[in-house]
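Here is a short note for a first look at this structure. Please keep the sequence and the model open while reading.

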Amino acid sequence: MYKIKVYITLRESVLDPQGSVVKNALHSMEFTEVEEVRVGKYMELSLPSSVKNVEAAIEEMCHRLLANPVIEDYRYEIEESVAQ
């Protein structure tokens, strides 16, 4: 079994209004040292070990559904579970 952690963030060139709201809220709570906030998404997927090319499958999932490649970047980590 594979456990995949997918991290999706807006590209640096894209404005992040949600991040601005969070930053302003933190400033109003007196956390004024926060200079920038970027909000993203985190997902965990499980795939069976029988999947032949896990990286190709994840790339296709991210490109076609999980991320918007026009405005978002993504990265992922693959962990292989050891049967006990």
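Predicted model: local features only at pLDDT ≥ 70, side-chain atom pairs only at ≥ 80, totals over all residues.

The points below cover the nonpolar core and then the salt bridges.

1. The largest nonpolar core has 12 residues. Among them are Tyr2, Ile4, Val6 and Ile8, along with Leu45, Leu47, Ile58 and Leu66. Strand 1 (2-10), strand 2 (40-47) and helix 2 (54-66) each give two or more residues to this core.

2. Look next at Leu66, one of the core residues. Beyond its neighbours within four places in sequence, Leu66 is in contact with Ile8, Lys41, Met43, Leu45, Met61 and Glu72.

3. Two of those contacts of Leu66, Lys41 and Glu72, also form a salt bridge, with the closest N and O atoms 3.4 Å apart. Lys41 is in strand 2 and Glu72 in strand 3, 31 residues apart. Lys41 is partly exposed at 37% relative accessible area. Glu72 is buried, at 11%.

4. How many salt bridges does the whole structure hold? A search finds 6. Another of these joins Lys3 and Glu44, with the closest N and O atoms 3.8 Å apart. This pair links strand 1 to strand 2, across 41 residues. Lys3 is partly exposed at 29%, and Glu44 is partly exposed at 45%.

5. Arg11 and Asp73 also meet in a salt bridge, 3.5 Å from N to O. Arg11 lies in the loop between strand 1 and helix 1 (17-28), and Asp73 lies in strand 3 (residues 72-80), so the pair ties together parts 62 residues apart in sequence. Arg11 is partly exposed at 31% relative accessibility, as is Asp73 at 35%.

Technical notes:
Residues numbered from 1 in each chain as written. Heavy atoms only, no water. Core = buried A, V, L, I, M, F, W, Y, C linked by side-chain atoms within 4.5 Å. Buried < 20%, exposed > 50% of the residue type's maximum accessible area, 1.4 Å probe, protein only. Helix = DSSP H or I, 4+ residues; strand = E, 2+ residues; numbered from the N terminus. Contact = heavy atoms within 4.5 Å. Salt bridge = Lys/Arg side-chain N within 4 Å of Asp/Glu carboxyl O.
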